[in-house]
Every structure is written in structure tokens, then in C-alpha cells.
Amino acid sequence: MDPNFKDKKIPAGICGILLGWLGIHKFILGYTKEGVIMLLVSVVGSAVTFGLAGTVMWVIGLIEGIIYLTKSDEDFVKTYGEGKKSWF
């Protein structure tokens, strides 16, 4: 595991809040598959659902960003670094 994983907490949290609908916070944490899912659902899904899919992805990113920033460094590393919890 990356010994500096806790250093990803603030960038991932801020990107989750600001750019959550694009899945950037997932890429920062190394969750490429989940990041691609969020990106595709936001872009392709929004075209089909007239923006509803993008709104849902934005809410998910916002919630995850807040969760990241409110966890202690130890909990963040244990949950997302060691435990590899990729959603919420």
C-alpha cells in the first residue's frame, strides 16, 4: 500500500465536491474502473436522460467528497487505502 495514501485525502475530497460528477476523485484514489463508470454515466447518461444521470453522479461525488474530508486520516487510510472501499 502507498505509505502516503493519506496525502490523497484532501485532493480527493475537494475534487469530489467540485468535480464529483466526472469521477476525478476516484482516479486520485486509484479507483480507475469506478472513475470511468462515473465519467461515462455522467457524459453518456446525461445525453440520454437530459442531465439527470449527471445530477445523480454530482450528488454521489459531493457526498463522497464530504465523507473523505470528515474522516480522520487513520480512518481514511483504513477504509479507502487498505480496505479498498470504492463507493461511499
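Where does Phe-50 lie? I started there and found Phe-50 in the loop between H3 and H4. Before going on, I noted that this is a predicted model, where local features need pLDDT of at least 70, side-chain atom pairs count only at pLDDT 80 or more, and totals for chains, interfaces and linings use all residues. Residues are numbered from 1 along each chain as its sequence is written, and side-chain values use heavy atoms, with hydrogens and water left out.

**Entry 1**

Most residues other than glycine have a negative phi. I looked up Phe-50 and got a phi near 55 degrees, a positive value in a residue other than glycine. Phe-50 is also exposed, at 80% relative accessible area. For that word I use these cut-offs: buried is under 20% relative accessible area, exposed is over 50%, and partly exposed is in between (1.4 Å probe, protein chains only).

Lys-84 is not a glycine and has a positive phi too, about 55 degrees. I found Lys-84 in the segment after H5.

**Entry 2**

My helix labels follow DSSP runs numbered from the N terminus (helices are H or I, at least four residues; strands are E, at least two). Two packed helices are described by the angle between their axes and the distance between the axes.

I took H1 (residues 9-19) with H4 (residues 52-70) and read an angle of about 150 degrees, with the axes 7 Å apart. That makes H1 roughly antiparallel to H4. The axes are lines fitted to C-alpha atoms, for helices over the stretch in contact, and the angles run from 0 to 180 degrees between N-to-C directions. Angles under 35 degrees count as roughly parallel, over 145 as roughly antiparallel, 65 to 115 as roughly perpendicular and the rest as oblique.

H1 passes H4 in a left-handed crossing. Left-handed is used if the near helix is turned anticlockwise from the far one by less than a right angle, and right-handed if clockwise.

Next I listed who meets whom. From H1 I have Lys-9, Ile-10, Ala-12, Gly-13, Ile-14, Gly-16 and Ile-17, and from H4 Trp-58, Gly-61, Leu-62, Gly-65, Ile-66, Tyr-68 and Leu-69. By class, these residues are nine nonpolar, four polar and one charged. The classes put Ala, Val, Leu, Ile, Met, Phe, Trp, Tyr, Cys and Pro under nonpolar, Asp, Glu, Lys and Arg under charged, and the others, Gly among them, under polar.

**Entry 1: the inside of H1**

Which residues of H1 are buried? I wrote down Lys-9, Ala-12, Gly-13, Cys-15 and Gly-16. They pack against helix H2 (24-29), H4 and H5.

I then followed Gly-16, which is buried with a relative accessible area of 0%. Not counting residues up to four places away in sequence, Gly-16 touches His-25, Gly-61, Leu-62 and Gly-65. Contact here means heavy atoms within 4.5 Å.

**Entry 2: H3 against H4**

Helix H3 (residues 32-49) packs on H4 at about 150 degrees, with axes 6 Å apart. H3 and H4 are therefore roughly antiparallel to each other. H3 brings Met-38, Val-41, Ser-42, Gly-45, Ser-46 and Thr-49, while H4 brings Leu-52, Ala-53, Gly-54, Met-57, Ile-60, Gly-61 and Glu-64. I count this contact by class as six nonpolar, six polar and one charged.

Is Lys-26 buried or exposed? Lys-26 is buried, with a relative accessible area of 0%, and sits in helix H2. Its side chain makes a polar contact of 2.9 Å with the side chain of Glu-64. A polar contact is a pair of N or O atoms within 3.5 Å; within protein, one must be able to donate a hydrogen and the other to accept it, and residues adjacent in sequence count only if both atoms are side-chain atoms.

I went on to Ser-86, in the segment after helix H5 (73-82). Ser-86 counts as buried at 15% relative accessibility. Its side chain joins that of Glu-34 in a polar contact of 3.1 Å. Beyond neighbours within four places in sequence, Ser-86 is in contact with Lys-26, Tyr-31, Glu-34 and Glu-64.

Last, I looked at Lys-85, which is partly exposed at 41%. Leaving aside neighbours within four places in sequence, Lys-85 contacts Tyr-31, Thr-79 and Tyr-80.
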